[in-house]
Amino acid sequence: MNAGIVGIGRFLPEKVVTNADLEKIMDTSDEWIRTRTGIEERRIADDNTNTSDMGFAAAQKAIQDAGITAEDIDLILVATVTPDQPFPSVACMLQERLGAKKAAAMDVSAACAGFMYGIITGKQFVESGAYKHVLVVGVEKLSKITDWNDRNTAVLFGDGAGAVIVGEVSEGRGILSFELGADGTGAKHLYQDEYIIMNGREVFKFAVRQMGESCINVLEKAGLTKEDVDFLIPHQANIRIMEASRQRLELPVEKMSKTVHKYGNTSAASIPISIVEELEAGRIKDDDLIVMVGFGGGLTWGAIAIRWGK
Ligand SMILES: CC(C)(COP(=O)(O)OP(=O)(O)OC[C@H]1O[C@@H](n2cnc3c(N)ncnc32)[C@H](O)[C@@H]1OP(=O)(O)O)[C@@H](O)C(=O)NCCC(=O)NCCS
């Protein structure tokens, strides 16, 4: 049995914060942010919109897109480092709000790689035959743990949510291979104290090396090569990091998803948000071979090679 993505949805807050807006509140410039990160604007959730609200909105769309009901969901995994509160989990909040009565529920903490951790975990339950439908949500309200006086981090992040239903897909389609990893010795480079604390240069070096390697590893595990790849969906942290992965796969620019300029780094939400963007633009077709790769605090990373379609 092959597990793949059978439904998808996303939610982005309406409020747009541009680089020019940030220039007014901190010592930065549109030029610096664009050239160093590729970010032009990001979405920021209002005070009345919490992580669970965004996750709920994205999850509803994914359920509808999959053509199932909430009661068909067996497990809810919510990848987030910005839960509404330490417990109960956002997953339990969604279980109640969706009416997913039979679903088990838990949050996954793997920072920006959280969506990859979630989807790969969901795949195991589906392929073992234990569960039929796993709802995986990547959602962050990073604005609530951002120090708006720290220009090193405040310009990078945005809020948003993406959700998928992992379920059985037809033969030849679905998740062909995966890689997950962690290096706790790098925890000191990216963590939350009260706010996000980051050693940008160290994270940058790690990301460039690990994203490229993980892309190659999942292709090898699936018995495929760079030439087989139709599309790359990297975690949207920084255009320079993303470009390094694209070059490692020797893909043309138009074969890599780029949403970082519009939404900034939305952590665990960035990959599913980008998948929806590409589907809506018609750049992903059934049977395309797609590599998705993420990295984040922990340090953590994860990648999949997936043959698109149900
Ligand atoms: C943060 C990052 C964009 C910085 O880019 P960089 O090219 O490495 O820049 P540097 O660290 O060399 O900093 C250059 C200068 O710009 C300054 N600077 C930092 N943020 C700035 C900002 N928003 N506006 C203006 N100047 C800024 C720094 O203070 C530094 O000044 P200094 O040399 O006088 O100390 C980059 O390191 C990065 O993207 N790292 C990965 C971060 C990431 O992805 N985190 C999330 C992981 S999921």
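Modeller: Gladly. A polar contact is a pair of N or O atoms within 3.5 Å. Please keep in mind that this is a predicted model.

Colleague: Which distances do you find for the side chains of Asn-238 and Arg-240?

Modeller: For Asn-238, a polar side-chain atom is 2.7 Å from an oxygen atom of the ligand. For Arg-240, an N or O atom of the side chain lies 3.3 Å from a ligand oxygen atom. As for cover, the ligand has 970 Å² of accessible area on its own, and the protein covers 76% of that.

Colleague: What makes up the shell around the ligand?

Modeller: The shell divides into 10 nonpolar, eight polar and five charged residues. Altogether 23 residues surround the ligand, with Thr-28, Arg-36, Cys-112, Arg-201 and Asn-238 the closest. Helix H7 (200-221) is one of the elements that give two or more residues to this shell, and its four residues are the largest share. The space that the ligand takes is the largest pocket.

Colleague: Why do you say that the ligand lies between domain 1 (2-169) and domain 2 (174-307)?

Modeller: Because both domains give residues to the shell around the ligand, it lies between them.

Colleague: How do you know which peptide bonds to call cis, such as the one joining Phe-87 and Pro-88?

Modeller: Omega tells us: for Phe-87 and Pro-88 it is about 0°. Pro-88 belongs to the loop between strand S4 (75-79) and helix H4 (90-98). Another cis bond runs from Gly-298 to Leu-299, with omega near -10°. Most peptide bonds are trans.

Colleague: What makes the phi of Ala-111 worth a remark?

Modeller: Phi is near 50° there, a positive value in a residue other than glycine. Most residues other than glycine have a negative phi. Ala-111 is found in the loop between strand S5 (104-108) and helix H5 (114-127).

Conventions: Residues numbered from 1 in each chain as written. Predicted model: local features only at pLDDT ≥ 70, side-chain atom pairs only at ≥ 80, totals over all residues. Heavy atoms only, no water. Near = heavy atom within 4 Å. Polar contact = N/O pair within 3.5 Å; in protein donor to acceptor, adjacent residues only side chain to side chain. Areas by Shrake-Rupley, 256 points an atom, 1.4 Å probe, with all protein chains shown as cover. 1 Å grid on protein atoms, 1.4 Å probe; cavity = no way out; pocket = protein on both sides within 12 Å on 5 of 7 lines; lining within 4 Å. Sits in = over half its atoms within 2 Å of the grid points. Nonpolar A, V, L, I, M, F, W, Y, C, P; charged D, E, K, R; others polar. Domains from an automatic or database assignment.
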